[in-house]
There are 2 protein chains.
Amino acid sequence: MKLSKRGEYGLRMLINLGIAQELGRPHLTIGELTEKDNLPEKFIAQILAQLKEAGYLGARRGKLGGYFIEKPMNTITIGEVVRLIDGPLAPIGCVSQSAYEPCTCPDEAHCGLRMLMLDVRNAIANILDRYTLADVVSVTLRKIRRDKASFPFATVDAVNVLQEVLTP
Amino acid sequence: MKLSKRGEYGLRMLINLGIAQELGRPHLTIGELTEKDNLPEKFIAQILAQLKEAGYLGARRGKLGGYFIEKPMNTITIGEVVRLIDGPLAPIGCVSQSAYEPCTCPDEAHCGLRMLMLDVRNAIANILDRYTLADVVSVTLRKIRRDKASFPFATVDAVNVLQEVLTP
DNA sequence: GCTTATCTCTAGTAAAACAGTAGAGTATTA
DNA sequence: TAATACTCTACTGTTTTACTAGAGATAAGC
């Protein structure tokens, strides 16, 4: 039931770009995105290109270039991103909504394994299709602030503003 | 988020052996287990050996040999079987209960991706660790009977008895 | 005690997926 | 025009997956 490294990185890039955007830094270069956790640059570049092609990200070349989120964050569900990068959420083809495939059981209607895996696929989809990038970003920011941890990717100004905005 | 073919086959074998047992056929040979859906015999044999080694199955060689379920079915959870064959349920190492591993984020406590994947892992575990083989088998039998479908692996006698027992 | 049916053990293997690397090319800006 | 940064394509090493093959051990029945 694994998420691939590629999927993990892809989601992480979106979340980090989302956080940066909220903190007043809409553009981040591949270098900025990879250096902190020192992730493999060229591999990340491929993933970013895929996310761009799918319409989630935009990019600008040259000096002052970088990637930025193009689609409104509250319209990007985590589920669709995972499907894009890692394929269907379902543990087994015969319960996939997006990519059904018959499996080895001769009688799907009376297959106990299938019933079980249908429950699992629904449980996963209920979480991943419900959460949007906006949700994840805002929850993360709230948590960082509550614990007085440091904000990544932020200008000092933006953090001050954010502290005020988020203060009850 | 895939279940491997190996995992699928393993669960299917347990369920089929469970059904057969309920229908009065405690022993099934590899041939019987594979012929209906013509699954690869030798591959299945390896999986059955693994399930035997783990204590779920027993086996008898020679004429009148075959596999049978050794552990009480209501003490075998689906989750433990999946973990045995396919490894941890968690989509990402840093949220695994049974096999924790740090991941690429520098600060787990404030990682949005981790929070999300923790939800997913809990949703999966809540299903797979709650259902036992006994549950799956009894639900399957009930369904087959309700739809008047044919019982696999059954002697005529056993089916008749079962029809009576299950009739309200 | 021989034959037949069955599980058991070990090794090998082809193909795909995974996780990157490498490098030349193109666009943008100061 | 120099520097910066994305882009495109190809390649590669490792691991996993899904088997296949075959010899060996064991049990039942004649």
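Start with chain A as a whole: among its contacts with a separation of 6 or more, 63% join residues 24 or more positions apart. Here two residues are in contact if their C-beta atoms, placed from the backbone, lie within 7 Å. This is a predicted model, in which local features need pLDDT of at least 70, side-chain atom pairs count only at pLDDT 80 or more, and totals for chains, interfaces and linings use all residues. Residues are numbered from 1 along each chain as its sequence is written, while chains are lettered from A and ligands numbered from 1 in the order in which they are written.

**Chain A, colored by secondary structure**

Helices (H or I, at least four residues) and strands (E, at least two) are DSSP runs, numbered from the N terminus. Along the principal axes, the C-alpha atoms of chain A fill a box of roughly 65 × 40 × 25 Å.

**Both protein chains**

Now bring in chain B.

Next, select the interface, where 40 residues of chain A are in contact with 40 residues of chain B. On the chain A side, helix 1, helix 5 and helix 6 each supply at least two residues, and helix 5 gives the most, with 11 residues. That side divides into 27 nonpolar, four polar and nine charged residues. For these classes, Ala, Val, Leu, Ile, Met, Phe, Trp, Tyr, Cys and Pro count as nonpolar, Asp, Glu, Lys and Arg as charged, and the others, Gly among them, as polar. The copies meet through the same surface, because 100% of the interface residues of chain A are also interface residues in chain B.

A residue is buried if 20 or more other C-beta atoms lie within 10 Å of its own, exposed if 12 or fewer, and partly exposed in between, with C-beta atoms placed from the backbone. Just after helix 4, stop at Gly87(A), which has a positive phi of about 90 degrees.

Then click Leu14(A). Beyond residues up to four places away in sequence, Leu14(A) touches Leu51(A), Tyr56(A), Val81(A) and Leu133(A).

**Out to a loop**

Asp147(B) sits in the loop between helix 6 (133-146) and helix 7 (156-166) of chain B. Asp147(B) counts as exposed because it has 11 C-beta neighbours inside 10 Å. Setting aside neighbours within four places in sequence, Asp147(B) is in contact with Ala109(A) and His110(A).

**Last stop: the DNA**

Show DNA strand C and the 25 residues around it; Ser4(A), Lys5(A), Pro40(A), Gly62(A) and Thr29(B) come nearest. A residue is near a strand if its C-beta atom, placed from the backbone, lies within 6 Å of it. Around DNA strand D there are 24 residues, with Thr29(A), Ser4(B), Lys5(B), Pro40(B) and Gly62(B) nearest. Helix 3 of chain A gives the largest share of the surface near DNA strand D, three residues.
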